[in-house]
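I opened my notebook to look up a few things in this one. Here is what I wrote down along the way.

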Amino acid sequence: MTTASVRTTSPKRRLGDVVFANLTRTAGALILVSLAGVAIFLTSEGLPAFGAKAGELQGHDNFLAYVAPLVFGTILAAVIALVIATPLALGVALAVSHYAPRRIATAIGYVIDLLAAVPSVVYGLWGIGFLGPKLIPIYQWLDEHLGFIPLFKGPASPTGRTIFTVGIVLAIMVLPIITAITREIFSQTPRLNEEAALALGATRWEMVRLSVLPYGRSGIVSAAMLGLGRALGETMAVALVLSASGVVTFNLISSTNPSTIAANIALSFPDSTGVARNALVASGLVLFVITFIVNFAARAVVARYEPGRKK
Amino acid sequence: MTSLQTAPDTIAQARVRRLPRFAPAIAGAVALAAGTLLGISLGWNVAGIVVVAVLLYLVGLNIWSRLVENARAATDRMMTSLIWVALGLAFIPLVSLLYKVITKGAPQLNGRFLTWTMRNVIGEPGGIYHAIIGTLLITLAATVISVPVGLLSAIYLVEYGGESRMARWIRFLVDVMTGIPSIVAGLFAYALFAIVVGPGTQFGIGGGVALSLLMIPIVVRSTEEMLKLVPNDLREASYALGVPKWKTIVRVVLPTAMAGIITGVTLAIARVIGETAPLLIICGNTDSSNFNLFGGQMASLPVFIYSSYTQPGRNPEILQNMAWGGALVLIIIVMALNLIARIAGRIFAPKTGH
């Protein structure tokens with residue numbers, strides 16, 4: 001259905017066709033323009049922050065010193081989320097694609113979709129009102145018994161609003177997207193590979209390890225990266241749950257935690273003016289660039305699995 | 001015949017010994033009993049008992065299988081159990097979250113809660129009418145912007161673009177766009193209107209623009225999938241009758257795919273209606289109803305939940321409870337939209353040719 005075939009089949013171009021074709025092409029171009037617009041407008045509005053003087057940026061000397069701890073916190077929270085979510089998501093995806101009977105697998109799929117449908121602010125409310133307080137005894141235990149590990153140095157937070165709690169909430173939020181992509185790829189595993197493994201006497205797990213996982217390896221990586229992109233940009237859950245003080249630390253369970261770019265914007269934006277606001281927009285630009293790169297790379301890998309591209 | 005009958009026996013003798021079919025059930029029951037006994041005697045709570053029982057089950061079944069069967073079978077059983085444990089772990093948060101929101105939110109729901117605003121309400125529970133109005137108006141604006149753009153783009157991708165370079169780039173970048181953080185969409189709208197209208201502009205339509213940036217990719221992808229499902233025979237039959245291409249698309253292709261498109265748009269609305277971060281930035285918050293998308297700050301349900309919980313003012317108890325009530329209303333709206341999407345998909349099931 002290309003324009004070329006239209007030209008050859010119809011002798012004269014009708015006005016309606018020309019108008020409609022251009023209308024749809026304009027809409028498509030509008031999407032590209034809006035994506036470029038995001039970069040352009042964020043840059044133009046964030047530009048004053050790059051030349052900001054000391055004292056204008058929450059006590060930091062320049063923009064780089066201002067944004068670096070935020071980038072650290074963003075990545076730390078996202079990595080914790082991924083470490084928790086990826087194994088769980090792989091388990092759920094395998095349960096759906098290879099372990100559960102078809103009817104149960106469909107039901108599991110619905111429930112996971114439900115998990116994706118819950119708004120992030122509700123996750124935040126749950127994290128601060130329920131999960132955080134429930135984790136306090138665990139943090140105290142970790143502090144007492146594993147305090148020699150820098151990650152659990154403590155002192156344990158009395159509210160449970162730590163970067164580790166944030167990581168758990170983010171893990172729950174990225175679980176559906178990782179599950180959705182890996183289960184799609186697992187179910188595309190060539191049937192012959194699976195049956196060959198089984199015919200050679202492999203147990204079900206050996207079949208999964210020998211045929212399903214190798215086939216889906218790059219798919220798993222890119223699914224985890226899409227989850228990473230999601231966790232990097234998540235705002236409200238972090239803003240609600242985290243008790244942030246903008247430090248750089250690997251201590252996961254104390255009450256002084258690094259903040260994230262997105263949460264910092266949400267928390268500071270309403271009350272800031274002038275250059276401080278420009279700095280927030282500029283930090284948003286940094287977040288946009290990071291997530292864009294992560295998503296771009298992940299999508300480039302996923303695209304290889306699309307039916308018709310590769311056998 | 002005799003050789004055929006003896007064959008299974010020899011195979012059975014040659015095979016390694018297997019645990020009975022109900023072995024996992026036995027191991028599970030024993031582990032649960034042991035865990036409960038241990039937990040009660042040491043005074044743990046339910047969560048502790050379940051964790052210990054699961055660990056006992058994993059270790060116990062593994063050892064049993066290792067003794068009776070072999071190491072490979074034991075590993076297989078172990079991984080099967082771990083996969084089901086992962087599934088269980090994934091479900092716990094959802095159940096806990098729904099339980100918490102319902103038990104905390106349900107007592108808040110009454111006529112006053114749904115029909116009052118927070119204007120001049122001090123020291124008593126107000127209502128979320130203004131927030132619901134804001135959410136509906138902003139989402140409506142986002143839908144009005146997203147659906148034409150998304151629909152036309154999808155038509156371009158399927159009917160005109162094909163595998164051209166521009167179409168492939170649009171398809172790829174639309175996928176990348178689904179990963180744009182919502183707060184970046186909010187900042188985009190803020191920066192756009194700061195330049196176009198004036199610095200510090202906050203109004204409802206800005207929220208519509210921000211949400212449409214998040215909504216358009218979802219609409220494009222789902223519509224594209226639906227248009228691809230329309231059989232080519234229908235298009236060719238229409239061309240054969242001399243119908244112009246644009247009329248074929250509008251009168252034949254779109255109606256055929258309409259059910260799927262409606263489902264996709266409804267799901268996209270459900271996705272963005274709970275977005276908080278962009279609205280916090282571009283729409284602000286207010287205690288009164290504002291029906292004007294083009295002037296003044298506008299409250300919305302997610303922002304109301306957030307600000308009531310974090311800045312409850314002098315009566316933290318009252319406002320934080322209202323936040324839970326708001327969360328319940330928001331979840332009900334989102335779930336209802338999901339349900340509508342599925343029902344719509346079923347009622348207007350695509351009438352494909354195969």
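**Notebook: helices and a contact**

I looked up the elements of chain A and got 11 helices and 0 strands. Helices here are DSSP runs of H or I with at least four residues, strands are runs of E with at least two, and both are numbered from the N terminus. I also noted that this is a predicted model, where local features need pLDDT of at least 70, side-chain atom pairs count only at pLDDT 80 or more, and totals for chains, interfaces and linings use all residues. Residues are numbered from 1 along each chain as its sequence is written, while chains are lettered from A and ligands numbered from 1 in the order in which they are written.

Next I checked burial: 50% of the 311 residues in chain A are buried (20 or more other C-beta atoms within 10 Å of a residue's own, with C-beta atoms placed from the backbone).

Then I turned to helix H9 of chain B, residues 204–229. Its 26 residues should span 38 Å at 1.5 Å a residue, and the end C-alpha atoms are 37 Å apart, which agrees. The expected span is 1.5 Å times one less than the number of residues. I found that 23 of the 26 residues of H9(B) are buried, so the rest of the structure largely encloses this helix.

Last, I looked at where the chains touch: 72 residues from chain A and 73 residues from chain B take part in the contact (C-beta atoms, placed from the backbone, within 7 Å). On the side of chain A that touches chain B, helix H2 of chain A (residues 15–50) gives the most, with 20 residues.

How values were computed. Buried ≥ 20, exposed ≤ 12 C-beta atoms within 10 Å, placed from the backbone. Contact = placed C-beta atoms within 7 Å.
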